[in-house]
Amino acid sequence: MRAMTHPVNPPNLRPDLAPKARFSEPKRDGQPTIGMVSLGCPKALVDSERILTRLRAEGYAISPDYAGADAVIVNTCGFLDSAKAESLEAIGEALNENGRVIVTGCLGAEEDYIRGTHPSVLAVTGPHQYEQVLDAVHGAVPPSPDPFVDLLPATGVSLTPRHYSYLKISEGCNHKCKFCIIPDMRGRLASRPAHAVVREAEKLVEAGVKELLVISQDTSAYGVDIKHAEDRGHRAHITDLARDLGALGAGRDLWVRLHYVYPYPHVRQLIPLMADGLILPYLDIPFQHAHPDVLKRMARPAAASKTLDEIAAWRTTCPDITLRSTFIVGYPGETEAEFQTLLDWMDEAQLDRVGCFQYENVDGARSNDLPDHVPAEVKQDRWDRFMQKAQAISEAKLAAKVGQRMDVIIDDIDEDGIATCRTKADAPEIDGNLFIDEGTEGLKVGEIVSVEVDEAGEYDLWGRTNHV
């Protein structure tokens, strides 16, 4: 079976990780150079892109490693305590390898915490504090631009492959989930004007981007803070924005994928747009749990009581819809009966793509003070049982796709001619892949091609472009 002979790509179970940043631009002689280590979620990756775009415009080169850099920026994550530890480790590695380190990102909101471990960092700034980061870079490595050669592409610096790009539509979050400190670090919801989002999307599409991945802390709340203002013909509401972005694909191949969509009632307005092909039939919805008492202890903004009805309605309107979600097991107070409710809910919901992580205390989170914390061994057991069920559902759903013809986007073609692709059901890095291992001559990275699926594994598919 080919699924056993090629690398299998199970979905990443950390919901706070972005694709590894890619650097490819050569530097000129004598050009001041800044290294970048970008940790955390896709939203943080967009912040890194914005920082690097500003630096490139000022004449800095960007280095993919510590050795070739005059200073290093570490964009940190503070989502979980394990992510904080990873950030501290990355800062320490940068200090050891380079010695001149500027810290930014979510963990940067806790300067004392960082300096308690690494007192020699040059500067510490919080999330999306672009000006402060630039000031710190200027102080450490003065700019030396050459206006004749330091030309910046109109699209800026991208840390992802050129055929897809993240499109951040808002910052912050108005929710107060007890396990999360993101609102404390990134603030309340702050939506970008709709015309600015659409204009950025237009520039990306003009530059050859084939897939726009719409991200925020709460995508379905987009525009609430600015009262869904209309400006220059574009209204700041997720349904209107999705329609506007989908319209950019008229006459060309363009995928628009929505991430971090809370299941508010108005989400049902998006489903007809998926059925009509304006945006991808894909919803990334962080359900987190299924038992109402657990959701209440989490202080989640949406209950699960009618979620199954909503899912059924979505599938009636758009039978091809792919549903992705993340869940927490072992939340304080979670009983075996409550966990079993989650497993039963999974049987009914039949979600296509699922990630799960074990509950962790996070410094500053209100859930730390809840009673009845679940022992580590119980959390591990529940995680194992949850993922066993999720894997079985995924395997059955993928097996049902054998024999179908579908469009895929090509992410990579290796030296052996094996093409790593994604279907409309797969987001980069966090979902599965479709592999083409023969007949790939003439195919190009970034192309959208039609394939026939001829084999399925637990998380991945295999197909061919010339199957009759």
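Two strands count as paired if DSSP finds at least two bridges between them. Helices (H or I, at least four residues) and strands (E, at least two) are DSSP runs, numbered from the N terminus. I worked from a predicted model, in which local features need pLDDT of at least 70, side-chain atom pairs count only at pLDDT 80 or more, and totals for chains, interfaces and linings use all residues. Residues are numbered from 1 along each chain as its sequence is written, and side-chain values use heavy atoms, with hydrogens and water left out.

**Entry 1: the open sheet**

I looked up the open sheet of five strands and found the order β2-β1-β3-β4-β5, with parallel pairing. Its edge strands are β2 (61-63) and β5 (123-124), each of which pairs on one side only. I then took the joins one at a time. β1 and β2 pair in the parallel sense over three bridges, and T33 has A61 in β2 as its bridge partner. Strand β3 (residues 71-76) runs parallel to strand β4 (residues 101-105), and five bridges join them. There I noted T76 opposite G105 in β4.

Next I asked how many residues of strand β1 are buried. For this, buried means under 20% relative accessible area, exposed over 50%, and partly exposed in between (1.4 Å probe, protein chains only). Six of the six residues of β1 (residues 33-38) are buried, so the strand is largely enclosed by the rest of the structure. Both faces are covered: T33, G35 and V37 are buried on one side, and I34, M36 and S38 on the other.

**Entry 2**

I moved on to β14 and β15, which pair in the parallel sense over six bridges. V329 has Q358 in β15 as its bridge partner. Five of the six residues of strand β15 (residues 353-358) are buried, so this strand too is largely enclosed by the rest of the structure.

I searched the whole structure for aromatic pairs and got nine. Rings of Phe, Tyr and Trp (its six-membered ring) pair if their centres lie within 6.5 Å; planes under 30 degrees apart count as stacked, over 60 as edge-to-face and the rest as tilted. For F327 and F386 the ring centres are 5.4 Å apart and the planes stand at 50 degrees, so I recorded the pair as tilted. The pair links distant parts of the chain, with F327 in strand β14 (residues 322-329) and F386 in helix α13 (residues 376-399), 59 residues apart. F327 has 0% relative accessibility and counts as buried. F386 has 1% and also counts as buried. Ring pairs link F287, F327, W345 and F386 into a cluster.

I also checked for charges over rings (NZ of Lys or CZ of Arg within 6 Å of the ring centre and within 35 degrees of the ring normal). The charged end of R257 sits over the ring of Y282, 4.5 Å from its centre. The charged end of R422 sits over the ring of Y164, 5.3 Å from its centre.

**Entry 3: the barrel**

I found five strands that close into a barrel in the order β16-β17-β18-β20-β19, with mixed pairing. Neighbouring strands of this sheet are turned by 50 degrees against each other on average, direction ignored. (The axes are lines fitted to C-alpha atoms, for helices over the stretch in contact, and angles run from 0 to 180 degrees between N-to-C directions.) Strand β19 (residues 448-456) pairs with strand β20 (residues 461-464) in the antiparallel sense over four bridges. V453 stands opposite G463 in β20.

I looked at A400 as well, which lies in the loop between α13 and β16. Its relative accessibility is 54%, so A400 counts as exposed. From A400 to E455 I have 55 residues in sequence and 9.9 Å in space, C-alpha to C-alpha.

**Entry 4: positive phi**

Most residues other than glycine have a negative phi. A299 is not a glycine, yet has a positive phi of about 60 degrees. A299 is in the loop between α10 (292-298) and α11 (307-317), and at 30% relative accessibility counts as partly exposed. D372 also has a positive phi, near 60 degrees. D372 is in the loop between β15 and α13, and at 61% relative accessibility counts as exposed.
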